[in-house]
Amino acid sequence: MANRVPLIAGNWKMNLDHQQAIALVQKLSWTLKDADHDYKTTEVVVFPPFTDIRSVQTLMDADKLELGLGAQDLSKFDSGAYTGEISGAFLSKLDVKYVLVGHSERRQYHSEGDDVIQAKTAAAFRHGLVPVICVGETLEELETEGQSAVPIRQTLAALAGHDNIGEFVIAYEPVWAIGTGKVATAEEAAAVCGKIREALAAELGEAVAQSTRILYGGSVKANNVAGFLRSTEVDGVLVGGASLDAEEFSGIARFLKHIAL
Ligand code: PEP
């Protein structure tokens, strides 16, 4: 995994109100503490719904938790008459460090195309947030274009035309593997992550490519995570369903224990 600190990211999607969020974060942090989890060796971040973020931030702050905080989306605008939108400025103010951009559910259900995703990536950079840029092919695209073409195209589109590129993370999530129980093989995930890194090197230089974390996502569980993270090309995982269960998610965060076996 080179010198990149693995990132275990939990996307809660539209689940858990603010009280349930507090309960889950408490349970997760206790479980990781009991297991002597070293956050410097493996970073663990939760991505609750917007309405939970203030409660989770307050808890993390009061109890000095080492868990990180992310958001699931942000507006491409900074402020103004955009009803229902959330500015990156508000997220930064709540100690949010990461923000998902271009999740396949936003591409699919909210018609977010490459232009919107590029603008949201720019907004994240403007507000000092680290965009976790989600890319991945549908089953149809897999059949017509193969596995790497779409993720590479989406990655380069999100990163095109920025004056200042800050830190970012790429999450390779084959759409056919999200929430379906179908998983890419560890070899497939490693191959696509490797191809994305090559594309980053060609576009942004070797230093950026080597320092950028590229995650795999799609039906990751505690019992299959080690396979993905054995590859030096895969620097962590983006987890949906399994991140709602503290035991399961902490099992994923402690993947190094499985690898050492
Ligand atoms: C996701 O929502 O990003 C995801 C990978 O979901 P799941 O783990 O449930 O497939």
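Predicted model: local features only at pLDDT ≥ 70, side-chain atom pairs only at ≥ 80, totals over all residues.
## Ground rules

Local features need pLDDT of at least 70, and side-chain atom pairs count only at pLDDT 80 or more, while totals for chains, interfaces and linings use all residues. Residues are numbered from 1 along each chain as its sequence is written, and side-chain values use heavy atoms, with hydrogens and water left out.

## The cores

Let's start inside. The largest nonpolar core has 63 residues, and the members touching the most others are Ile170, Ile196, Tyr216 and Ile252. Helix H8 (residues 186-204) gives this core its largest share, eight residues. There's also a second, separate core of 13 residues, with Val130, Val132, Cys134 and Ala171 among them. A core here is a set of buried Ala, Val, Leu, Ile, Met, Phe, Trp, Tyr and Cys residues joined through side-chain atoms within 4.5 Å. Buried means under 20% relative accessible area, exposed over 50%, and partly exposed in between, using a 1.4 Å probe and protein chains only. Helices (H or I, at least four residues) and strands (E, at least two) are DSSP runs, numbered from the N terminus.

Back to Ile170: skipping its neighbours within four places in sequence, its contacts (heavy atoms within 4.5 Å) include Ile133, Val135, Leu159, Ile196, Leu200 and Ile214.

## H7 against H8

Helix H7 (residues 149-159) and H8 have axes that come within 10 Å and cross at roughly 35°. Those axes are lines fitted to C-alpha atoms, for helices over the stretch in contact, and the angles run from 0 to 180 degrees between N-to-C directions.

From H7, the residues involved are Pro151, Ile152, Thr155, Leu156 and Leu159, and they meet Val192, Lys195, Ile196, Ala199, Leu200, Glu203 and Leu204 of H8. By class that's nine nonpolar, one polar and two charged. For the bookkeeping, Ala, Val, Leu, Ile, Met, Phe, Trp, Tyr, Cys and Pro count as nonpolar, Asp, Glu, Lys and Arg as charged, and the others, Gly among them, as polar.

## Around H7

In the loop between H6 and H7 sits Ser148, which is buried at a relative accessible area of 17%. Beyond its neighbours within four places in sequence, Ser148 is in contact with Val192 and Lys195. Just after H7, Gly161 takes a positive phi of about 75°.

## H1 against H11

Helix H1 (residues 18-34) and helix H11 (residues 246-253) cross at roughly 45°, with axes that come within 9 Å. H1 and H11 are therefore oblique to each other; angles under 35 degrees count as roughly parallel, over 145 as roughly antiparallel, 65 to 115 as roughly perpendicular and the rest as oblique. This crossing is right-handed.

H1 brings Leu24, Lys27, Leu28, Thr31 and Leu32 to the contact, and H11 brings Ala246, Glu247, Phe249, Ser250 and Ala253.

## Two spots in H8

Ala186 is in H8. In sequence Ala186 and Tyr216 are 30 residues apart, yet C-alpha to C-alpha they are 9.3 Å apart.

Gly194, also in H8, counts as buried at 11% relative accessibility. Gly194 and Thr232 are 38 residues apart in sequence, with 9.0 Å between their C-alpha atoms.

Key:
Left-handed = near helix turned anticlockwise from the far one by under 90°.
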